[in-house]
Amino acid sequence: MDIAEYILKELKKKDVDDIVVNINKINASQIKFSDNKIVKTGSEILVNLNIFIVKDKKIVATSLKDYNTGEEKTISPSNLKQINKKNADQVINNLIRFSKNVKPNKDYFGIAEGPFKYKEIKDSYDKKVLNINEIDLMNKGINAALENSSRTNGIIEKYLFENSLFTSNNVHANDKSTGLYFSIRAFKDKEASGHMNSCSKTLKKFDVYGAGKTAGEIAKSARNPIEGKPGKYDIVFSYMPMAALLNNIMNSASIFEVEAGLSFLGNKLNKKLGNFNLIDHGNLNGGFNSIKYDEEGVPTQKNYIIKNGILKTYLHNSSTAKRHKTKTTANAGLIVPRPSNIILEGKKGNVFDIKRGIYITNVWYTRFQNHFTGDFSTIPRDGIFLIENGEITKPIKNIRVSDNFINLMKNISLVSNTSKHLKSWEAETPVTTPEVLIKNINISKPKL
């Protein structure tokens, strides 16, 4: 018997009300490069066994990890491969003992009742990914960037994801997918750089050449920047900065953030926020975070979080949905509902057709001054350009976006005809976004 099924069976004997046992295995390899050369290679296998139990509304959870780099092994708190019935019983007994010292959570209302039927997700698993030559792909991206730049830094990664889920409410589900990620930053000189990435579940949609070429072109155009001036501007946010901004908006749509008083979307349900659609799509074909079910086994789905500018729902699991007398959006997170694949839609047009503005190709250090009101700042990096009479003109430097997310959403004006599916270290949740014209945004000077 599989150890996860054994744990579920034994916990049921303890009269536990709700049980979720999840095994998540990630087989990953990566290559890092700097100055156009490989500086580090590595591979790892990470296996997580997650156990969540509720008894008399007392919630207890634990995670057992098996982490193997091929060179050394880190085990915390015990070796998953060595978990047999005897030490599984010890883990179970510890969970039951701990639960006796936990206060009941009166706001907990249970997990979903299965069984469920799951739809296969297209372009989710590609066996070709497992046999790719990462070095050839990396060099293809680097060479594309070097057409317009002098040197590059970045990373290429390959993944095989395997997941199994068992619950006390008749859920037994499995999911397997592949993944590819490429991030490249190109440099023309000390002050001129560009950045782009690509992520995909399949080899055919993995565009290392396009990412490298875009990064190199931005770097070439960013030479000899002039000092940016503070003021109000119409701004065209390219794909990378929009991914970061949309992550912050969608994270604030989690009911956990709302209840914690950390969301600028609190008290905004059914209110007009702008003129756009914001979607979370858990089973998006080819979506980098797509999976057939959420963490309690509910089939994932497409949710309009904001439709025609109106906030329609927060991200919910089954318990929070019951508490708020609504339906789950299949975004469990057993404790914190969270997004899967973010999609932005809006009125299409020529986003550069403005008299005076700024084109921002990347940002970093996006930080809140006030989570509840949505006041934030972020620092543009890599290529930043003035837009004058519909044309991208001079590169600029040393500016900061200092504004408010409610104002930002209200002023979304146009989106480009082309969208990209990407993620980054500033945007952990993958995003499908166009370039976006947002009007009347405040630009300040960063503090040195």
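Visitor: What share of the contacts with a separation of 6 or more comes from residues 24 or more positions apart?
Guide: In this predicted model, such residues account for 72% of those contacts, a contact being heavy atoms within 4.5 Å.

Visitor: Good to know. What should I keep in mind about the numbers?
Guide: Residues are numbered from 1 along each chain as its sequence is written, and side-chain values use heavy atoms, with hydrogens and water left out. Local features need pLDDT of at least 70 and side-chain atom pairs count only at pLDDT 80 or more, while totals for chains, interfaces and linings use all residues.

Visitor: How does the radius of gyration agree with a compact globule?
Guide: A compact globule of 448 residues would be near 22 Å, and the protein has 23 Å, which agrees. The radius is taken over C-alpha atoms, and the globule rule is 2.2 Å times the number of residues to the power 0.38.

Visitor: And how many residues count as buried?
Guide: Of the 448 residues, 53% do; buried means under 20% relative accessible area with a 1.4 Å probe, protein chains only.

Visitor: Switching topic, how many aromatic pairs are there?
Guide: The structure holds 14. Rings of Phe, Tyr and Trp (its six-membered ring) pair if their centres lie within 6.5 Å; planes under 30 degrees apart count as stacked, over 60 as edge-to-face and the rest as tilted.

Visitor: Are Phe-52 and Tyr-108 buried or exposed?
Guide: Both are buried.

Visitor: Which rings form a cluster?
Guide: Ring pairs link Phe-264, Phe-368, Phe-376 and Phe-405 into one.

Technical notes
Buried < 20%, exposed > 50% of the residue type's maximum accessible area, 1.4 Å probe, protein only.
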